[in-house]
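Student: Could you walk me through this protein model? I'd like to start with the helices and then see what holds things together.
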Amino acid sequence: MTDPNRQSGEPVNPGQGPEPVISKPYIMPDDPEVGSVEALAKEAAESRDKMLRTLAEMENLRKRTTREVADARVYGISGFARDVLDIADNLQRALDAVPAEAKASADPGLKALIEGVELTERSLLNTLEKNGVKRFDPAGEKFDPNFQQAMYEVPDPSVPAGTVVQVVQAGYTIGERVLRPALVAVSKGGAKASGPANGNEPNNAA
């Protein structure tokens, strides 16, 4: 019996069915792709580099913040301290205005006043020193432009040239910085002083 739907010319093979459709093999999402090991290694290296840079930046920030806090603690009172120096200068001027002979022969009331001014000056200087402000008097030292300001020169061949022979106004430091340079008179005419003061070369006054 023939199949009316079979086209003529087709070979008859009753044991052969339709050919199966072969699909592409399924790849699991977590299966490694070609070159994935190199990509992951590169990504890991980049992430590590970013992490190290971030850590370094954070460490630098921590050190800078610590340094700024320390500077603020030490130098934060600089403006206030400069204003207080005027009081210290006035107390010193008041004491210098009384001759030594007058102090020796002064009556008890004047002596008590002088002693009170001296006590106030010492108390003020001690308070400044507790807060990192120290007074310095460079008389007899080699002139150092980093700590002193030359007001004039004094012809004095008995001392080496460039020596501080008079302190017009005492200087002050705060921490490791100069709060106010000392105003000084510098000698000239003698032998040149040897060796820089405080590790700095001298700067001869004009």
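Tutor: Let's begin with a term we will need: helices are DSSP runs of H or I with at least four residues, and they are numbered from the N terminus. Please keep in mind that this is a predicted model.

Student: Okay, how many helices and strands are there in the protein chain?
Tutor: The protein chain has four helices and six strands, and read from the N terminus the order is α-α-α-α-β-β-β-β-β-β.

Student: How many salt bridges does the count come to?
Tutor: The count comes to four salt bridges. One of them joins the side chains of Arg62 and Glu59, at 2.6 Å from N to O, and both of these residues lie in helix α1, three residues apart, which is again about one turn of the helix. Arg62 has a relative accessible area of 46% and is partly exposed, while Glu59, at 32%, also counts as partly exposed.

Student: What about Arg135, which residue is its salt bridge with?
Tutor: Arg135 forms a salt bridge with Glu121, with the closest N and O atoms 3.5 Å apart. Arg135 lies in strand β1 (residues 133-136) and Glu121 in helix α4, so this pair ties together parts that are 14 residues apart in sequence.

Student: Is Glu121 buried or exposed?
Tutor: Glu121 counts as buried, because its relative accessibility is 9% and buried means under 20%.

Student: Switching topic, which residues have the most contacts inside the largest nonpolar core?
Tutor: The largest nonpolar core has 15 residues, and those with the most contacts inside it are Leu85, Leu124, Leu128, Val133, Tyr172, Ile174 and Leu179. Helix α2 (78-96), helix α4 (108-130) and strand β4 (171-174) each supply at least two residues of this core, and the largest share, six residues, comes from α2.

Student: What does Leu85 touch?
Tutor: Leaving aside residues up to four places away in sequence, Leu85 touches Leu128, Tyr172, Leu179 and Arg180. Apart from this core lies another one of six residues, among them Phe143, Val164, Val184 and Val186.

Student: Where is Ser78 found, and what does Ser78 touch?
Tutor: Ser78 is found in helix α2 and is buried, with a relative accessible area of 12%. Not counting residues up to four places away in sequence, Ser78 touches Ile174 and Leu179.

Student: Last one, how much of the chain is buried?
Tutor: Buried residues make up 21% of the 206 residues in the protein chain. The accessible surface of the chain comes to about 15,400 Å², and 56% of that belongs to carbon and sulfur atoms.

Key:
Residues are numbered from 1 along each chain as its sequence is written. This is a predicted model: local features need pLDDT of at least 70, side-chain atom pairs count only at pLDDT 80 or more; totals for chains, interfaces and linings use all residues. Side-chain values use heavy atoms; hydrogens and water are left out. A nonpolar core is a set of buried Ala, Val, Leu, Ile, Met, Phe, Trp, Tyr and Cys residues joined through side-chain atoms within 4.5 Å. Buried means under 20% relative accessible area, exposed over 50%, partly exposed in between (1.4 Å probe, protein chains only). Contact means heavy atoms within 4.5 Å. Accessible areas come from the Shrake-Rupley method with a 1.4 Å probe; for residues, only the protein chains shown count as cover.
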